[in-house]
Amino acid sequence: MDALSAAVPMNVNVDVQLTLMASAFYRILGKRVGRGYEQARARKLFRDFLKAAATVAITRVEIVVKLGRRARNPLLRQASYEDMATAIPWLGNRNLRCVFF
């Protein structure tokens, strides 16, 4: 931190931090969904739940993510992801909500 040219180590630290955060979020998703996904790798969780087309609608009050029909959407519903509304402070406290078709 004592040199202004030390941008490379800072970038590595940010990459490591983001990787650790993503890993933790995948673990939370796996535990919440259950049904054997507790031990699943991040690649499988991404492929089964996150790699999907979606429509995002942003209003003054909320952000709605509409996910199309997928075989594993019922598992996300059972994990109460459809009932969750999370306030995002850096987006004007808009609620983030997921809708499954």
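Let me start at asparagine 93. This residue is exposed, with a relative accessible area of 51%. The cut-off for that word is over 50%, so asparagine 93 counts as exposed. Asparagine 93 sits in the loop between β3 and β4, and β4 covers residues 94–100. Its backbone has a positive phi of about 60°, although asparagine 93 is not a glycine. In general, most residues other than glycine have a negative phi.

Before I go on, a word on what we are looking at. This is a predicted model. The mean pLDDT of the chain is 84. Of its residues, 88% reach 70 or more. Where is confidence lowest, and where is it highest? It is lowest in helix α1, residues 7–33, at a mean of 81. It is highest in strand β1, residues 54–58, at 92. As a general rule, where pLDDT is low, the predicted coordinates should not be read in detail.

Now the layout. The chain has three helices and four strands. What pattern do they follow along the sequence? Read it as α-α-β-β-α-β-β. There are 101 residues in the chain, and buried ones make up 22% of them.

Back to phi for a moment. Serine 80 also has a positive value, about 65°, and serine 80 is not a glycine either. Look for serine 80 in the loop between α3 and β3, where β3 is residues 85–88. Is serine 80 buried or partly exposed? Partly exposed, with a relative accessible area of 30%.

Next, helix α1. There is a nonpolar patch on the surface, formed by Val14, Leu18, Met21, Phe25 and Ile28. Together these residues have about 480 Å² of accessible area. Take leucine 18 as one of them. Leucine 18 is placed in helix α1. Its relative accessibility is 49%. Exposed needs over 50%, so leucine 18 counts as partly exposed.

Stay in helix α1 for lysine 31. At 64% relative accessibility, lysine 31 counts as exposed. Now find alanine 79. Along the chain, lysine 31 and alanine 79 are 48 residues apart. How far apart are their C-alpha atoms? The separation is 9.4 Å.

On to charge. Which residues gather in a patch of positive charge on the surface? Arg41, Arg43, Arg47 and Lys51. Lysine 51 is in the loop between α2, residues 42–50, and β1. With 54% relative accessibility, lysine 51 counts as exposed.

Salt bridges next. A search of the whole structure finds four. I will walk through some of them.

Start with aspartate 48. Its side chain meets that of lysine 44 in a salt bridge, at 2.9 Å from N to O. Aspartate 48 and lysine 44 both lie in helix α2. They are four residues apart, about one turn of the helix. How do the two compare with the solvent cut-offs? Lysine 44 counts as partly exposed, at 32% relative accessibility. Aspartate 48 is at 5%. Buried means under 20%, so aspartate 48 counts as buried.

Aspartate 48 has another partner. The side chain of arginine 72 meets that of aspartate 48 in a salt bridge, at 3.5 Å from N to O. This pair links distant parts of the chain, 24 residues apart. Arginine 72 is in the loop between β2, residues 62–67, and α3, residues 73–78. Aspartate 48 is in helix α2. Arginine 72 is partly exposed, with a relative accessible area of 29%.

One more bridge. Arginine 77 and glutamate 82 meet through their side chains, at 3.2 Å from N to O. Arginine 77 counts as partly exposed, at 32% relative accessibility. Glutamate 82 is partly exposed too, with a relative accessible area of 26%.

To recap. Keep in mind that the model is predicted. Look for the nonpolar patch that includes Leu18. Look for the positive patch that includes Lys51.

Methods. Residues numbered from 1 in each chain as written. Predicted model: local features only at pLDDT ≥ 70, side-chain atom pairs only at ≥ 80, totals over all residues. Heavy atoms only, no water. pLDDT = per-residue confidence, 0-100. Helix = DSSP H or I, 4+ residues; strand = E, 2+ residues; numbered from the N terminus. Patch = residues over 30% accessible without salt bridge, like charges linked within 9 Å, V, L, I, M, F, W, Y side chains within 5 Å. Areas by Shrake-Rupley, 256 points an atom, 1.4 Å probe, with all protein chains shown as cover. Lys, Arg positive; Asp, Glu negative; His and termini not counted. Charge placed at Lys NZ, Arg CZ, Asp CG, Glu CD. Buried < 20%, exposed > 50% of the residue type's maximum accessible area, 1.4 Å probe, protein only.
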